[in-house]
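Student: I am new to this structure. Can we go through what the labels rest on?
Tutor: Gladly. Here it is.

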Amino acid sequence: MGLVVHVIFWLGYGLLLYYLPSVFMEAKDALILALSSLVLSASIFYTNAYLLMSRYLSKGSYWKYLLGVAFLLVFSVSVYSFIGKQISEKYSKILRSKEFNEQIDDHTTLRYKKEETISFHPSGKPRPRGILRGMHARMGVMTSIIMLFISTLFGIYIDSRSRQQRELALVNQNLINEMKFLKSQMNPHFLFNALNNIYSLSILHSVKTPEMVLKLSAMLRYVLYESEDVKVELGKEIEYIKNFIEFQRIKIEGIPNLHVDIDRADRMIMIEPMLLIPFVENSFKHSKIEDTENGWIKMTLTSHEDSLEFEIRNSRPKKRQVTSKDSGIGIDNVKRRLNYLYPNKHVIGIFREEKEYCIQLKIFLK
């Protein structure tokens, strides 16, 4: 898109440069003049925007930048003067002709032309003083200054855009690194507890021991391998959550106050892996679910044609738990991940009340 804009700009500018001299010049000469002026203007524009500003101005070398600008101006005036000289030598006779004078409507230009076009050699023969040369040189100075001004504005714009792109790339890279960490992270405390629970079951010769080993194996497979995919089936995320809950049940004495409704969602929906799990882990971590009288968790997962909705509520004990730095995944990290994965395609609400904590997430799939 940027290249197209540049091409359109220079084509329009080139047509303007061609139209003005084509009024009184041959088409071939007008084209040569337009192309030479166009090349010179473009050289000034891009040299200032991409070389002088990026190499000197952006680094604080103001004197070097000013010297570079001065060189551009001197060079452009020299070239425009040379072009004006060539034109004046060829068209001085035309400027003095009666037919051309009758075509001039601008009387100020006519008076200027009459006063300055003709001078005399010592021999008495007339010679052109080169009105076009002077006019072309002055127009060259004006054009060069305008081009410098426009290119400076353009250089400031591309520098600002480049800085924003670098910052965005850095943010995106940090988010990618965060996501890799989140996807590859399994809470070590959960893993140790799960192994201890399986060991306890084996000591008691429980018939559930093989089943729990298989569940833990499935969870590890999902975290280590399947979560490396860009997207996974929602069913795999659901199975992980179920297995996680099953291991939490084992370590709770009594019947936990736990309501889970996550089987109504379409399991074939494709989502980013490890997306819902952090909310579940945080809920178990902060609800004090092991307190079967006061602790509770409720979670629901539903899907529609174009959206996925997840809600999880849990109790908030009066005495807040002190958690270690590595005891789970922060909600802020998950929110940043959602902003990266589903920009403008998700809504998340977090509600904190005296006795309840609630997270509501809606993801738009289309």
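Tutor: Start with a definition: helices are DSSP runs of H or I with at least four residues, numbered from the N terminus. Lining residues have an atom within 4 Å of a cavity point. One caution: this is a predicted model.

Student: Which helix gives the largest share of the lining of the largest cavity?
Tutor: Helix 7, with four residues. Helix 7 spans 188–203, and helix 9 spans 234–250. Each supplies at least two residues of that lining.

Student: What makes this space a cavity?
Tutor: A 1.4 Å probe fits there but cannot get out. The structure holds one cavity of 30 Å³ or more. The volume of the largest cavity is about 40 Å³.

Student: Which residues line the largest cavity?
Tutor: F190, N193, A194, N197, F247, Q248 and K251. By class, three are nonpolar, three polar and one charged.

Student: Why do E239 and R267 count as a salt bridge?
Tutor: The cut-off is 4 Å from a Lys or Arg side-chain nitrogen to an Asp or Glu carboxyl oxygen. For E239 and R267 the N to O value is 2.7 Å, so the pair qualifies. E239 lies in helix 9 and R267 in the loop between strand 4 and strand 5, so the pair ties together parts that are 28 residues apart in sequence. E239, K242, D263 and R267 are linked in a network of salt bridges.

Student: Why is E239 called partly exposed?
Tutor: Buried means under 20%, and exposed means over 50%. E239 has a relative accessible area of 33%, so it falls in between. R267, at 30%, is partly exposed as well.

Student: What makes R264 exposed?
Tutor: Its relative accessibility is 56%, and the cut-off is over 50%. R264 also forms a salt bridge with D261, with the closest N and O atoms 2.9 Å apart.

Student: How do you know that strand 7 and strand 9 pair?
Tutor: Pairing needs at least two bridges. Strand 7 and strand 9 have nine, in the antiparallel sense.

Student: What about strand 8 and strand 9?
Tutor: Seven bridges join strand 8 to strand 9, and the two run antiparallel. They form a hairpin with three residues between them. Here Y357 is the bridge partner of R352.

Student: Why is K362 with E309 a salt bridge?
Tutor: The closest N and O atoms are 3.8 Å apart, within the 4 Å cut-off. K362 lies in strand 9 and E309 in strand 7, so the pair ties together parts that are 53 residues apart in sequence.

Terms used. Residues are numbered from 1 along each chain as its sequence is written. This is a predicted model: local features need pLDDT of at least 70, side-chain atom pairs count only at pLDDT 80 or more; totals for chains, interfaces and linings use all residues. Side-chain values use heavy atoms; hydrogens and water are left out. On a 1 Å grid over the protein atoms alone, a cavity is a set of points where a 1.4 Å probe fits but cannot get out, and a pocket is an open set with protein on both sides within 12 Å along at least five of seven lines; lining residues have an atom within 4 Å of a point. Grid points are joined across faces, edges and corners, and a volume is the space filled by probe spheres set on the points. Ala, Val, Leu, Ile, Met, Phe, Trp, Tyr, Cys and Pro count as nonpolar, Asp, Glu, Lys and Arg as charged, and the others, Gly among them, as polar. Buried means under 20% relative accessible area, exposed over 50%, partly exposed in between (1.4 Å probe, protein chains only).
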